[in-house]
Each structure stands twice: as structure tokens, then as C-alpha cells.
Amino acid sequence: MIQELGKDPIPKYHRFRLIVEQDIRSGKYPFGSALPPERKLAEDYGINRQTVRQALKALAEEGYLIREQGRGTFIARKDIERTVDPFNIGVVIYKAALEAQWFFPDLLRGISDAVDVDAANVVMVPFDEQTAGVPEGEFCRRIITQKKLQGLLIVSEELAERELFYLLAHDFPFVLTRIPPYRDKPIDYVCYDHEDGMKQTVAYLSGLGHTKIACIGGIYSRYYAALRITLAFRQAMAEEGLKIKPDWIPECDYSGKSSLKISRQLLGTADRPTAIILADDSFAIGVYQAAVENGLKIPEDISVVGYNDLPIATSLVPALTTIKTPRYEMGRLACEILERRIIAARDGHTLDLEGARELDVELVTRGSCMQAANNAFRV
């Protein structure tokens, strides 16, 4: 214990820092593993928690540790005296989503910033329905072999579920940047708290007096994340005591190409909603155009709330009220989790890490919403 080292002129926190550094170098604490809690370290080494905290802070600043509030402290560096070949991380992304350039730049920037350039390479792997291996459900198997990948970040929901089954069956490290379609499998994922985002939105519109609210969702008949948003809308509406018209929850592809047609249908009748919630900011282009075609003004006649806080949100007139999502943080965290999985597997360690994370979202109010006229439509 440190207290048994005598009257050493070196500060206790520095001596403790050197001990932990040596333990990391020796492999006592493998890369990606968690250190014992501060209380336990203080007891084991006979020092106070402030000394432990000071030493761990110094090690984190030197890059040896990653400290995550509420979760613990993790080993962030391998033994610096040991050289290893960099590993390859594949980022699997749907071509249409990548080409749209709306959502993914911030996500990819987070992934890039999380990668230690000396330890890993990032390989972009775009795909669509015609890509070799996709129709047969063998896409992941092929790219892992062809590109010599050690892990996958799957950032698109269009990949077939049987691809995930292959990865699970072969214990291949991967992380989803969306919620998985099933919870009984050991799948790492990082996504948003969809329920809270929808709850904030519906409560905000209800507070403005809106009771006739529509929701233009994603393809919820095909994709689980889109279904979850739609279910969250239903739940939030029920909590506010508001009715839902079945034809006011239409599906819309995330390219936004069908948003104009859908918006014309919603706004082209006398019995129309006074507010529309969008599953993506890109849908707003169609809503704004349909409003003009029907002689309606935003927000005087129709309030609109988007999702994701994409650059287009502030380009529209009026600027779009929307749910801000932490895309950069999602990409960074997903990559960090994957790196720990890869290195732990390579070094033969079992990594006890909770990889299911749902990040907080925030409602950003702008000019696309206002108080509604009386329109009783409650349960």
C-alpha cells in the first residue's frame, strides 16, 4: 500500500499514478477493461479518494484512461511499449443515405475523431440492394474477408437482419447506431431516446393548444427504428389525452421524395391537422411546399416540428422547430465501444462492458410553431 512506502518526497497521488500506469503496462488491466471504483482503490492502497481522483485525472489527461460519468473509468491505451498492427473498422452505410448528405456527416466525424490513427483504420463500406452479397444475405461475410475487417459499425437500418445473425453466430465485434430489432441478443448499440423526443414534441404542441396532430413517420412497416418513433407518437398522444386519426400517421421514405405527396394529402382537405410532427427534418421541404400550394401559412395555419436538427432546419423560412439529436456523440461513442470490443477479443480478454446506450435529445424551438385556434379533439 502507498502508506507503507515511508516518507517519500514524491506526492502520494504521483506514486499511485505510477503504480496504475505500471499495472496497465503489465497487462493487469487490459485495454477496454474497467478500473475498480475509486472507493475500492482508496481502500486497497490506503489513500483517500481525493488522491485517487487526482491520479486518475492525470492518467486520463495522458491518454491512459477514459472516464465516463456515471459509468466508471476504462483503460484507453495498450501497453505503449508493445507495437501491434492497426486493425480495420468497416462503416456499413446505405448508399442513398450517404449521398443525401443530411444526417451522416456529423456521425462520421464522430467516428473519425474517436479512432486512434495509430491503432485503427476506418473503411467506408457503402451498399444498396444491388451490391454483391446483399440479396443473398452474405454481404457482411464477404466484406469482412475482402477488406480484412476486425469490426463493423452498422449505421444503416437497410441491412437485412440475417446479416446480424451471421455476426452474432461468429462472435464478430459490431455496434449498431440504432436500436436493435430484438432485445434478447447481446448486441451493442448507440441510439437516441426516441420516446423522450416524441414526448417533448407532443407536450410542446399540446401546450400550444394543438389537438389535431399528424405524424409523418419513416417506413415503420419495414424498419424497427421508424416503428419505434410511431409507437412513441401514439404513447405521447395518449398521455396528453389526444385522439389519433389513422390516416394522419403516413409512412415516408427517408429520402424525403414522398413527403410532398403525403403533405398534399394531409393539407388538401377541410379536415386537416393543425400541427405535423416529422420523423426527419428533410420531410419539411414537402410540408412547406404543400402548405403554399393550399394557401396555408406556417405557423399561422399549420405548425411543424422536425427531428434531428439538420442544417436545413435553419435554412427554411420560418426556421424549423425540431428535436436536436447528438449525432457526433453517437458516432464517437459507438466507435469507442467497438474499439474496446475488438482489442479485448484480439488479446483474449472478456470485456464486461454495457454497450446499450440511448442518448438524450433536446427540443429546439424556432419559428415554425405557434398557438393554435380552438380545435377540440381530445379523448
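Arg67 and Glu38 form a salt bridge (a side-chain nitrogen of Lys or Arg within 4 Å of a carboxyl oxygen of Asp or Glu), with the closest N and O atoms 2.4 Å apart. Arg67 sits in strand β1 (residues 65–68) and Glu38 in helix α2 (residues 38–45), so the contact ties together parts 29 residues apart in sequence. Helices (H or I, at least four residues) and strands (E, at least two) are DSSP runs, numbered from the N terminus. Glu38 is buried, at 15% relative accessibility. Arg67 is partly exposed, at 32%. Buried denotes under 20% relative accessible area, exposed over 50%, and partly exposed the range in between (1.4 Å probe, protein chains only). Glu38 and Arg67 also belong to a salt-bridge network with Arg49 and Arg53.

The model is predicted; local features require pLDDT of at least 70 and side-chain atom pairs pLDDT 80 or more, whereas totals for chains, interfaces and linings use all residues. Residues are numbered from 1 along each chain as its sequence is written, and side-chain values use heavy atoms, without hydrogens and water.

In total, 19 salt bridges were counted. Among them is the pair Lys95 and Asp128, at 3.9 Å from N to O. Lys95 lies in helix α4 (residues 95–100), and Asp128 in the loop between β4 (120–127) and α6 (139–146), so parts 33 residues apart in sequence are tied together. Lys95 is partly exposed, with a relative accessible area of 30%.

Another salt bridge joins Arg332 to Glu329, with 2.3 Å between the closest N and O atoms. Both residues lie in helix α12 (residues 327–346), three residues apart, a separation of about one helical turn. Glu329 is partly exposed, at 28% relative accessible area.
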